[in-house]
Amino acid sequence: MKYSILGLAALSASLLSAPSLAVDCSNLPAWNSSAAYGGGAQVKEAGNTYQANWWSQGKNPANYSGQWQEWALLGACNGASSSSITVSSSSRSSAPSSVSSSQVTLSSSSVATGNCASSYYVAGTAYGAGQLVQNLGSEYRCTVAGWCGSSAAWAYAPGSGAHWQMAWELVRSCGAVSSSAPSVSSRSSVAPSSSSRSSSSVSSTSSSVPTGARAAGDAAPLPKHALVGYWHNFDNGSGLIRVADVDPAWDVIVIAFVDDAGNGNVEFRLDPALNKAQFIADVAAKRAQGKNIVLSYGGEKGTVTLNNSTNLANFVNSTAAIINEYGFDGVDIDLESGAGVMHGAPVISNMVSAIKQLHAMFPDLYVSMAPEHPYVQGGYVAYSGIWGAYLPMIDQLRNELDLLHVQLYNNGGLATPYAPQPYQAGTVDMMVASARMLIEGFPLANGTAGQFAGLRPDQVALGLPSGPRAASSGQATTADINRAVDCLVKRTNCGTNMPLTAYGDFRGVMTWSINWDVKDGRIFSIPVGNHLDALP
């Protein structure tokens, strides 16, 4: 399972260390702590030039220009550019894929020829600045270590990558290409990343993945505190957005939803307003940035057919095919009232079997669940029908489960062992109590039906609406969400309900939905995402 941050090589120039260049910043504004900056904005601060990777405010570029941070260092200010690499603020976005070759110049008049003794280039190797490599019959010198070491060969392979000049300079021709030189993929339809997972997790049907790419179903490690959001493949008033336009605050992007195609089969039907090839490329690019892209079963009206062994086999095979076709990292179980989840229903045991089979096919498969709270904590009140019906599934999949984010909305207050009356939806006490029950365990049917054993804190997150239009009820203010997280992680800012101890590894927050968050001006992802980033 995935517990720690893995430093993945990015496709985006904004997510990697920038070269130490001399930049003319005489016409750039000085960074202002009270100003808000959008992606691509350039400023000067403490003698250096920086470019914003995405929206930020109050983040000093000098302190927030590392990998995966708000700013990218472009170079030192000296009044004029002394480098052969030029950056145009009008045409260069934060992603190197948008940099045209005309923006990068390289003089080849002094390139020599001769024998080359350097090693052959291998994508994903940690090359240092100044290090020499051979590729395609020529020798190159690394100029920007972060980009040279990227596993995105299609972008940075010296001499052949779409943006190789951003990382390398040509030194000499070595003559004929040696037959022993490793081949380098220049495909741009799948953007690779630098996963260090073993090849045993690569499905036999994913042989088309370029060298260095993270295989389908090979999930990236989660950050210690993660922000999870549902991207929906339909317009419910919030509008459709491309996955490429989901901002970097989101660590897990859950794709909603897969469709029931009958007899156990499932299929993913992309909204007609979206382009399939572009969608697959967008998924690959996000994965290359270290994000997990997960396909969800269910939703408010979604169903699956899992009544017998034939259904089960079709379900597993069709899910695996979708994972391989689109490059998804895993699956999310969001079966609600229409899916027939209740105690004794075959969908429960067959779903457990399906996930275990899929996990055997993809050993690093990401698995999450997003049940409504009557199906989980509701087991405290009663343990029949829908009440606590997810608990057997959670219990049997606890070894495969990455994250459980119970929906704390659209179902009223929460009855708990900690107070005589239910906690009101949206309150700090309700959020804290819900997570405590999942981590500390709780008695079933008021103690008459046994005990649910708790999960690890890193397997638990809060599940909340992104804003007033995302759900009909259960909204919580972002200030209270952050208070609840503080209470669980640090045992501070609590209401009347406090966890037994500080759960420093508590995973984070999930929301429905990314689309509504964008529509509403990122009123959820900015305050909650920033708060999660600031936690120890």
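Let me start at Gly58, which touches Trp31, Ser33 and Ala35, leaving aside residues up to four places away in sequence; contact here means heavy atoms within 4.5 Å. Before going on: this is a predicted model, in which local features need pLDDT of at least 70 and side-chain atom pairs count only at pLDDT 80 or more, while totals for chains, interfaces and linings use all residues. Residues are numbered from 1 along each chain as its sequence is written, and side-chain values use heavy atoms, with hydrogens and water left out.

Back to Gly58. It is found in the loop between strand 5 (56-57) and strand 6 (71-77). Helices (H or I, at least four residues) and strands (E, at least two) are DSSP runs, numbered from the N terminus. From C-alpha to C-alpha, Gly58 and Ser34 are 6.0 Å apart in space, and they are 24 residues apart in sequence. The cut-offs are under 20% relative accessible area for buried, over 50% for exposed and partly exposed in between, with a 1.4 Å probe and protein chains only.

Now the whole chain. It has ten helices and 21 strands, and buried residues make up 54% of its 536 residues. Of the contacts between residues at least 6 apart in sequence, 70% join residues at least 24 apart.

On to the rings. A search of the whole structure finds 17 aromatic pairs. Rings of Phe, Tyr and Trp (its six-membered ring) pair if their centres lie within 6.5 Å; planes under 30 degrees apart count as stacked, over 60 as edge-to-face and the rest as tilted.

Take Phe257 and Trp512: the ring centres are 6.0 Å apart and the planes are at 10°, so this pair is stacked. Phe257 lies in strand 12 (residues 252-262) and Trp512 in strand 21 (residues 508-512), so the pair ties together parts that are 255 residues apart in sequence. Both Phe257 and Trp512 are buried.

Then Phe268 and Phe279, with centres 5.6 Å apart and planes at 35°, so that pair is tilted. Phe268 lies in the loop between strand 13 (265-267) and helix 3 (276-288), and Phe279 in helix 3, so the parts tied together are eleven residues apart in sequence. Phe268 and Phe279 are buried. Ring pairs also link Phe268 and Phe279 into a cluster with Trp231, Tyr326 and Phe328.

That is what I have; questions, please.
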